[in-house]
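I opened the model and went through its strands and sheets. My entries follow in the order of looking.

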Amino acid sequence: MRQAIRPARTVRIVSLLFPVPQREGEHVTKHLHLRLATVVVAVLLLVPATAQAATKLTGKVGPGFTITLTKAGHTVTSLPAGTYKIAIHDNSNIHNFHLSGPGLNKLTDVAATGTTTWKLKLKTGTYHYQCDPHASSMKGSFRVS
Ligand SMILES: [Cu+2]
């Protein structure tokens with residue numbers, strides 16, 4: 001009996017939400033349909049979310065002489081190719097954030113400050129970021145594969 005697998009409490013809740021006639025054969029079939037419907041709804045909810053999600057990165061420059069690119073708080077050293085949303089925090093009017101690599105060359109203005117978000121496709125290769133006025137010391141790079 002398939003019905004035996006379902007915990008008693010779940011059956012009771014489902015029965016409350018969807019009153020089921022008490023004839024034996026019909027009872028089992030309806031529960032099977034409910035179970036299938038639940039799986040279909042779960043798949044529909046999950047698929048679009050995973051397909052659209054761009055990985056979030058954070059770029060930070062200033063207020064001191066520092067520049068960083070992080071993912072969930074860790075310095076980025078390598079990434080899989082794909083779509084990314086990079087929040088750039090330019091916290092100084094003497095620094096900028098300049099990211100370049102295969103098919104990409106984006107930068108913030110040195111004099112300007114504030115946060116801006118770039119949605120980018122990163123391809124296989126090496127990417128480099130720097131502050132242009134202090135490129136010899138304020139820099140970093142990472143690989144995309
Ligand atoms: Cu700088």
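**Entry: a parallel pair.** I began with strand S1 (residues 55-61) and strand S5 (residues 82-90), which pair in the parallel sense over 7 bridges. I count two strands as paired if DSSP finds at least two bridges between them. Helices (H or I, at least four residues) and strands (E, at least two) are DSSP runs, numbered from the N terminus. In this pair, threonine 58 stands opposite alanine 87 in S5.

**Entry: ground rules.** This is a predicted model, where local features need pLDDT of at least 70, side-chain atom pairs count only at pLDDT 80 or more, and totals for chains, interfaces and linings use all residues. Residues are numbered from 1 along each chain as its sequence is written.

**Entry: overall layout.** I found 2 helices and 10 strands in the protein. Along the sequence they run α-α-β-β-β-β-β-β-β-β-β-β. Of the 145 residues, 15% are buried. Buried means 20 or more other C-beta atoms within 10 Å of the residue's own; exposed means 12 or fewer; partly exposed lies in between, with C-beta atoms placed from the backbone. I then checked contacts, which are pairs of residues with C-beta atoms, placed from the backbone, within 7 Å. Among contacts between residues at least 6 apart in sequence, 61% join residues at least 24 apart.

**Entry: the sheet with S1.** In what order do the strands of this open sheet lie? I read S3-S2-S1-S5-S8, 5 strands with mixed pairing. S3 and strand S8 (114-122) stand at the edges with a single partner strand each, so one side of each has no neighbour in the sheet. S1 also pairs with S2, in the antiparallel sense over 4 bridges. Valine 61 stands opposite isoleucine 67 in S2. S1 and S2 form a hairpin with 5 residues between them. In that turn, glycine 62 has a positive phi of about 75°.

**Entry: threonine 75.** Strand S2 (residues 67-71) pairs with S3 in the antiparallel sense over 2 bridges. Threonine 75 belongs to S3 (residues 74-75), and threonine 70 stands opposite it. Is threonine 75 buried or exposed? It counts as exposed because it has 10 C-beta neighbours inside 10 Å. Leaving out residues up to four places away in sequence, threonine 75 touches Thr68, Leu69 and Thr70.

Entry: I next traced an open sheet of 5 strands in the order S4-S10-S9-S6-S7, with mixed pairing. Its edge strands are strand S4 (78-79) and strand S7 (104-107), each pairing on one side only. S4 pairs with strand S10 (residues 139-144) in the parallel sense over 2 bridges. There, leucine 79 has valine 144 in S10 as its bridge partner.

**Entry: the core.** Which residues have the most contacts inside the largest nonpolar core? They are Ile67, Phe97, Tyr129 and Cys131, in a core of 14 residues. I define such a core as a set of buried Ala, Val, Leu, Ile, Met, Phe, Trp, Tyr and Cys residues joined through C-beta atoms within 7 Å. S1, S2, S5 and strand S9 (125-130) are the elements that give two or more residues to it. I listed the contacts of tyrosine 129, again without residues up to four places away in sequence. Tyrosine 129 touches Gly59, Ile67, Leu69, Phe97, His98, Leu99, Lys139 and Gly140.

Key. Contact = placed C-beta atoms within 7 Å.
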